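Please consider the following briefing alongside the sequence and the three-dimensional model.

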Amino acid sequence: MLHDFFIKEQLKSCVSGAVLFDEPLDRYTSMGVGGPADALVVPQSMEELVQLVRFLRKENIPFLTLGNGTNLIVRDGGCRGVVVALRGLQKLSWASDPEGKIRVQAEAGVPLASIVQLCIKESLAGLEFCTGIPGSVGGAVRMNAGAFGREMKDVVTAITVLNEHLELETLSRRELSFEYRRLNLSDEAVIVCAEFALCPGERESISAEISEILALRKSKHPLNFRNAGSIFKNPRNLPAGQLIEETGLKGTRRGDAMISEKHGNFIVNLGHARAADVVDLIEEIKGRVENCRAIQLEAEVHIVGEDG
Ligand SMILES: Cc1cc2nc3c(=O)[nH]c(=O)nc-3n(C[C@H](O)[C@H](O)[C@H](O)COP(=O)(O)OP(=O)(O)OC[C@H]3O[C@@H](n4cnc5c(N)ncnc54)[C@H](O)[C@@H]3O)c2cc1C
């Protein structure tokens with residue numbers, strides 16, 4: 001699709017960051033699987049992002065927005081069109097508001113981990129639950145990421161999106177409709193920045209909670225192998241991991257992909273897994289849980305791209 005010399009040159013002129021052709025995407029996903037993108041482009045500012053997306057839409061080139069790739073399975077044939085990687089959008093600032101809250105503004109590419117670090121440094125409470133979630137701000141808002149009973153929807157006060165009409169639009173919390181692991185937003189919209197309302201807190205108790213969460217995650221999750229976090233959403237408040245454990249599938253392998261022995265809702269990459277192996281295991285789990293418990297599991301991970 002992107003063999004045209006003119007298109008390639010235009011892509012390079014849209015951004016000051018990297019423009020890589022036939023770029024393997026396994027390097028950009030936490031699961032470590034995925035074939036090449038026709039092009040992977042890294043805008044370095046909101047202005048470059050706008051210019052790039054306007055060009056892609058004008059030329060009818062499909063694109064996929066990429067945060068930290070920690071909730072993505074890219075198939076082995078890779079992605080046609082352009083992968084727009086937002087890791088260059090890294091502005092982070094904060095200020096007190098008249099009500100005594102602290103408003104944190106973060107561009108889409110800021111890792112949640114950086115905000116958690118900021119919370120420790122500045123003694124800000126409210127985002128501790130994000131500890132150990134390896135996503136970016138944009139990906140976390142898009143996924144309504146959450147843990148321990150809290151979600152992005154509880155702390156986000158506004159977001160700015162590049163909407164389907166190619167305008168930058170700020171939406172307040174009232175205008176946002178969050179669901180379990182999902183923000184209802186046009187598939188074409190790109191989240192460019194988000195604002196969070198946090199409270200002044202005590203550094204020691206914030207640090208203590210963060211350490212506790214890290215220890216809990218380490219004890220429950222198979223963090224020594226590449227993975228994409230929870231593969232399935234929890235149906236009707238039943239833990240998907242428990243349902244999978246009951247089917248006896250833990251430890252099942254396809255190539256180098258394995259349903260974790262430690263946590264049934266994780267698939268781990270033991271080394272050289274292919275996306276097809278991971279997707280096979282996902283289908284196997286769905287079929288088995290449906291047969292055993294008459295429950296249809298829904299994937300939490302987003303599966304994109306073409307088969308190899
Ligand atoms: C070890 C581990 C632990 C995890 N624990 C949790 C957890 O406790 N809770 C939880 O909710 N998740 C968890 N996850 C999953 C994942 O980290 C979160 O869903 C995270 O929010 C995804 O962010 P990301 O930047 O990696 O998104 P990506 O994987 O890059 O993208 C996810 C989806 O969002 C879209 N997207 C990304 N950025 C934007 C943007 N700026 N605008 C519009 N769309 C965008 C992508 O196109 C894709 O469809 C875990 C993952 C791992 C590997």
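**Ligand shell and overview**

Strand 3, helix 4, strand 9 and strand 15 (190-200) each contribute at least two residues to the shell around the ligand. Helices (H or I, at least four residues) and strands (E, at least two) are DSSP runs, numbered from the N terminus. The model is a predicted one, in which local features need pLDDT of at least 70 and side-chain atom pairs count only at pLDDT 80 or more, whereas totals for chains, interfaces and linings use all residues. Residue numbers start from 1 along each chain as its sequence is written.

**Composition of the shell**

- The ligand is surrounded by 31 residues, and the closest are G67, G135, G138, G139 and G229; a residue is near a molecule or strand if its C-beta atom, placed from the backbone, lies within 6 Å of it.
- Helix 4 provides the largest share of this shell, with 5 residues.
- Sorted by class, the shell holds 14 nonpolar, 16 polar and 1 charged residues. Ala, Val, Leu, Ile, Met, Phe, Trp, Tyr, Cys and Pro count as nonpolar, Asp, Glu, Lys and Arg as charged, and the others, Gly among them, as polar.

- S136 belongs to the loop between strand 8 (124-125) and helix 4 (137-143).
- S136 is buried because 28 other C-beta atoms lie within 10 Å; the cut-offs are 20 or more such atoms within 10 Å for buried, 12 or fewer for exposed, and in between for partly exposed, with C-beta atoms placed from the backbone.
- Apart from neighbours within four places in sequence, S136 is in contact with G67, N68, L86, A108, G109, V110 and P111. Contact requires C-beta atoms, placed from the backbone, to lie within 7 Å.

**Domains and their contact**

- The chain is divided into domain 1 (5-85), domain 2 (92-218) and domain 3 (222-304), with bounds that come from an automatic or database domain assignment.
- The centres of domain 1 and domain 3, taken over C-alpha atoms, are separated by 28 Å.
- Domain 1 gives 14 residues to the contact and domain 3 gives 15 residues.
- On the side of domain 1 that touches domain 3, strand 4 (residues 72-74) gives the most, with 3 residues.
- That side of domain 1 has 7 nonpolar, 5 polar and 2 charged residues.

- Not counting residues up to four places away in sequence, I73 touches M31, V33, A228, A275, V278, V279, V301 and I303.
- Strand 2 (residues 36-41) is largely enclosed by the rest of the structure, because 6 of its 6 residues are buried.
- Strand 2 pairs with strand 1 (residues 19-24) in the antiparallel sense over 5 bridges, and L40 in strand 2 is the bridge partner of L20. Pairing of two strands requires that DSSP finds at least two bridges between them.
- Strand 2 also runs parallel to strand 5 (residues 79-85), to which 4 bridges join it; here L40 stands opposite V83.

- An open sheet of 4 strands has the order 16-19-18-17, with antiparallel pairing.
- Strand 16 (226-227) and strand 17 (253-254) each have a single partner strand and stand at the edges, so one side of each is left without a neighbour in the sheet.
- Strand 16 is joined to strand 19 (residues 267-269) by 2 bridges in an antiparallel arrangement, and N227 has V268 as its bridge partner.
- Strand 11 (residues 156-162) and strand 12 (residues 168-172) pair in the antiparallel sense over 5 bridges, with T160 opposite T170.
- Strand 11 and strand 12 form a hairpin with 5 residues between them, and L166 in the turn has a positive phi of about 65 degrees.

**Positive phi in loops**

- Most residues other than glycine have a negative phi.
- N60, in the loop between helix 2 (46-58) and strand 3 (63-66), has a positive phi near 60 degrees. N60 is exposed, with 7 other C-beta atoms within 10 Å.
- F148, in the loop between strand 9 (146-147) and strand 10 (150-151), has a positive phi of about 55 degrees. F148 is exposed, with 12 other C-beta atoms within 10 Å.

Methods
Contact = placed C-beta atoms within 7 Å.
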